[in-house]
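Hi,

Here is the model I promised to pass on. Have a look at it first, and then read my notes below.

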Amino acid sequence: READSLARERAQTVFDRPLVLEAGAGTGKTSTLVARIVAWCVGEGWTRAEERIAASQRGEPTSIQERRARIAADVLGRVVAITFTDAAAAEMSARVGGGLADLSRGEPVLGFREDRLGVPKPECRARALALVGMLDYLVVCTIHAFCRRLLARHPLECGLHPSFQVDSDQRLQDVVVRETVEAALRAAYREGPGSALFDLVASGQGAAKIEEAVLECASRGVTADSLARDPFAPEALSGPIEAL
């Protein structure tokens, strides 16, 4: 129990190095993570944000409420909590918000040790109240949502179109491939015999087979450029072309 208590305390006080929390089901992992976020936001995270805001203001006069709001937004905007499911993300987000709200009212937060922060209680509650008003800045999401957020924020750096879409169930890919094959077949039929695609269809390979091969190419990461350079190269032939 002493080791368990020490581990929970470290989760709320150690922020200068990575921590790994390993525990069984129902032992309070989520509560510990929520307490860690709360402790960071009203403790060390707040102090660091306060220093950044003070340095950026350059003597600009601001009210206490405005300064606290800016600090709260900065703190929450630098926290990322990643979970495996949308349901877990929603639960954690709600629990963090509830914990900060409880703290702002002077009520206890499960697993949270206010006495370990080194922040006077009145100040701690004032910080929590400011954070509650800025919860929209907190990011609690799945790993997929987090990655999409990064890609959407920096599409050009990632080599993506700014209006890219995530096709999680491949329905959009199926539609694009079908439309592309149909358009290519119409063009091939206009050209008639001698067209590679026309000859392929004439040999008995229908549109469904071609769509299947194109989808296989896409799933294996075969690019149009690699096929244009040498469609019979080993990397291009690893499955998709052989399927025809």
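Before the helix packing, a word on terms: axes are lines fitted to C-alpha atoms, for helices over the stretch in contact, and angles run from 0 to 180 degrees between N-to-C directions. Helices (H or I, at least four residues) and strands (E, at least two) are DSSP runs, numbered from the N terminus. Keep in mind that this is a predicted model, where local features need pLDDT of at least 70 and side-chain atom pairs count only at pLDDT 80 or more, while totals for chains, interfaces and linings use all residues. Residues are numbered from 1 along each chain as its sequence is written, and side-chain values use heavy atoms, with hydrogens and water left out.

Helix pairs first. The axes of α1 and α2 are 7 Å apart, and the two helices pack at an angle of about 35°. On the α1 side the contact (heavy atoms within 4.5 Å) uses R8, R10, A11 and Q12, and on the α2 side T32, A35, R36 and A39. Sorted by class, that makes 3 nonpolar, 2 polar and 3 charged residues. For the classes, Ala, Val, Leu, Ile, Met, Phe, Trp, Tyr, Cys and Pro count as nonpolar, Asp, Glu, Lys and Arg as charged, and the others, Gly among them, as polar.

Helix α2 (residues 29–42) also meets α3 (residues 44–57): their axes come within 3 Å and cross at roughly 35°. Here A39, W40, C41 and V42 of α2 touch E44, G45, W46 and R48 of α3. The class count for this contact is 5 nonpolar, 1 polar and 2 charged residues.

Staying with α2, T32 is one of its residues. T32 is buried at a relative accessible area of 8%; buried means under 20%, exposed over 50%, and partly exposed in between (1.4 Å probe, protein chains only). The T32 side chain reaches the backbone oxygen of G28 at 2.8 Å. Leaving out residues up to four places away in sequence, T32 touches R8, A11 and L21.

L21 itself sits in the loop between α1 and α2 and counts as partly exposed, at 41% relative accessibility. L21 and R8 are 13 residues apart in sequence, and their C-alpha atoms are 9.0 Å apart.

Now the nonpolar cores, meaning sets of buried Ala, Val, Leu, Ile, Met, Phe, Trp, Tyr and Cys residues joined through side-chain atoms within 4.5 Å. The largest has 33 residues, and C41, V42, V75, L103, F112 and L131 have the most contacts inside it. Two or more residues come from each of α2, α3, α4 (64–77), α5 (86–104) and α6 (121–132), with α2 giving the largest share, 8 residues. F112 touches Q12, A35, V38, A39, V42, L103 and L117, again not counting residues up to four places away in sequence. Apart from this core lies another, of 5 residues, including V177, V181, V201 and I210.

V96 lies in helix α5 and is buried, at 0% relative accessibility. Beyond its neighbours within four places in sequence, V96 is in contact with V34, I37, V38 and L138. V96 and L135 are 39 residues apart in sequence but 9.0 Å apart C-alpha to C-alpha.

How many aromatic pairs does a search of the whole structure find? There are 2, where rings of Phe, Tyr and Trp (its six-membered ring) pair if their centres lie within 6.5 Å, and planes under 30 degrees apart count as stacked, over 60 as edge-to-face and the rest as tilted. F15 and W40 form a tilted pair, because their ring centres are 4.9 Å apart and their planes are at 55°. F15 lies in the loop between α1 (2–13) and α2 while W40 is in helix α2, so this pair ties together parts 25 residues apart in sequence. W40 is buried, with a relative accessible area of 18%. Y189 and F198 make an edge-to-face pair, 5.4 Å centre to centre with 80° between the planes; Y189 is exposed, at 51% relative accessible area.

Last one: S163 is in the loop between α7 (143–153) and α8 (171–191) and is exposed, with a relative accessible area of 56%. S163 and V201 are 38 residues apart in sequence and 34 Å apart in space, C-alpha to C-alpha.

Cheers

How values were computed: Polar contact = N/O pair within 3.5 Å; in protein donor to acceptor, adjacent residues only side chain to side chain.
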